[in-house]
Amino acid sequence: MEMHQVRYFLAVAQLLNFTRAAEECNVTQPSLTRAIKQLEAELGGDLFRRERPAAQLTELGQRMHPLLKQCYDAAAGARSLASSFKSGEIGALRIALTHSIDLALLIPHLNEIRRQFNRLEFHFLRGSSREVAEFLKKGEAELGIAAEIDEAWERLDVWPLFTETFDLVVSREHRLAGHDTIEPDDLRAEQLLGRNYCEHSRRISASLREHGIDVDHGHEISSERDLIELVEADIGVAMMPHTSPVPDSLKRTAVAGLDARRTVSLYGVAGRQRTAVANAVMRLLRGADWREIAG
């Protein structure tokens, strides 16, 4: 089945006249009639009763009409969409982020990109650092943002964006909430909430162990929202990156002498062609001044 056959069928179904339909489609009547006969042969029955003064849809033609119209409209929509992408009227961005990266970091840059395109479609993917690497490998994402991807793939390009510290986050009623800075020893009596979805959770745990802090009997949390609710309820305390947003009900406190830093990087695939949107976002992120955000 060819799209021009479907177009001729829809024209005849609308005008109920082969001659006028041929004029509408800018083809000769024999060409239109031949195309419709070929379509009828493929579908196994007549689509029209050739009567005068007007053609009539057969039972098969009536049943096929909505299906063929839907097929034609979908094909026309696909062509229009492809043309819009090619001309730059529509852009798409497929970007993967690890669970520990706050999307708010990208909002100013995404708003800037939106001004450059009439229409823009965002496709955000979330996963662990390993999953983000897989998204990039399989082409499901053009760019990735993570604190660390433990992947030795030679085609993985890495552009560091900023380095930030981890702070202790406690409830406003907690005994440590009044301190701007504490010592690691102050954490010995605390129940820690483990952010096992964070790429640096094991590194933070190792640093805490070096200071004699028990991290093996804490609570394991799988989402930032759950962690914040538990801290608000004063069920535990947590080490969180400086860029992770916390509500006013919580208090950040620096931990002196603790090796608690991470570098957030932008990732891409070397040698793979990127869309205009991905290239623009990459330039914006790499050229941004992150010092105020990262503290």
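The model examined here is a predicted one. In the UniProt record, an unreviewed entry, residues 1–58 carry the annotation "domain: HTH lysR-type". Within this annotated region, Arg52 sits in the loop that connects β1 (48–49) and β2 (56–57). Arg52 counts as exposed because its relative accessible area is 84%, where over 50% is required. Between the C-alpha atoms of Arg52 and Ser31 there is a separation of 20 Å, the two residues being 21 residues apart along the chain.

The largest pocket holds about 340 Å³. Its lining is made up of 17 residues, and those nearest the centre of the pocket are Ser129, Glu148, Asp150, Glu199 and Arg202. Two helices, α6 (129–137) and α7 (201–210), each contribute at least two residues to this lining. Sorted by class, the lining of the largest pocket comprises seven charged, six polar and four nonpolar residues.

The second largest pocket has a volume of about 290 Å³. Here 20 residues form the lining, with Leu193, Gly194, Arg195, Ser201 and Ser205 closest to the centre. Two or more lining residues come from each of β8 (193–195), α7, β9 (219–221) and β10 (238–241). Of the contributing elements, α7 gives the most to the second largest pocket, namely six residues. By class, nine nonpolar residues line the second largest pocket, together with six polar and five charged ones.

The search of the whole structure returned one cavity of 30 Å³ or more. The volume of the largest cavity is about 40 Å³. Its lining consists of Ala141, Glu142, Val269, Arg272, Gln273 and Arg274. In terms of class, three of these lining residues are charged, two are nonpolar and one is polar.

Ser244 is located in the loop between β10 and β11. With a relative accessible area of 2%, Ser244 falls under the 20% limit and is therefore classed as buried. Once residues up to four places away in sequence are set aside, Ser244 touches Ser100, Arg195, Glu224 and Arg252. One of these partners, Arg195, is also among the residues closest to the centre of the second largest pocket.

Thr253 belongs to strand β11, which spans residues 250–255. Its relative accessible area is 1%, under the 20% limit, so Thr253 is likewise buried. The side chain of Thr253 reaches the backbone oxygen of His179 at a distance of 3.1 Å. Apart from neighbours within four places in sequence, the residues in contact with Thr253 are Asp167, Leu168, Leu176, His179, Asp180, Thr181 and Ile182. His179 therefore figures both in this contact list and, through its backbone oxygen, in the 3.1 Å approach of the Thr253 side chain, a pair of N or O atoms within 3.5 Å being taken as a polar contact.

Conventions. Residues numbered from 1 in each chain as written. Predicted model: local features only at pLDDT ≥ 70, side-chain atom pairs only at ≥ 80, totals over all residues. Heavy atoms only, no water. UniProt positions renumbered as here; feature names shortened; annotations may be inferred. 1 Å grid on protein atoms, 1.4 Å probe; cavity = no way out; pocket = protein on both sides within 12 Å on 5 of 7 lines; lining within 4 Å. Points joined across faces, edges and corners; volume = space filled by probe spheres on them. Helix = DSSP H or I, 4+ residues; strand = E, 2+ residues; numbered from the N terminus. Nonpolar A, V, L, I, M, F, W, Y, C, P; charged D, E, K, R; others polar. Buried < 20%, exposed > 50% of the residue type's maximum accessible area, 1.4 Å probe, protein only. Polar contact = N/O pair within 3.5 Å; in protein donor to acceptor, adjacent residues only side chain to side chain. Contact = heavy atoms within 4.5 Å.
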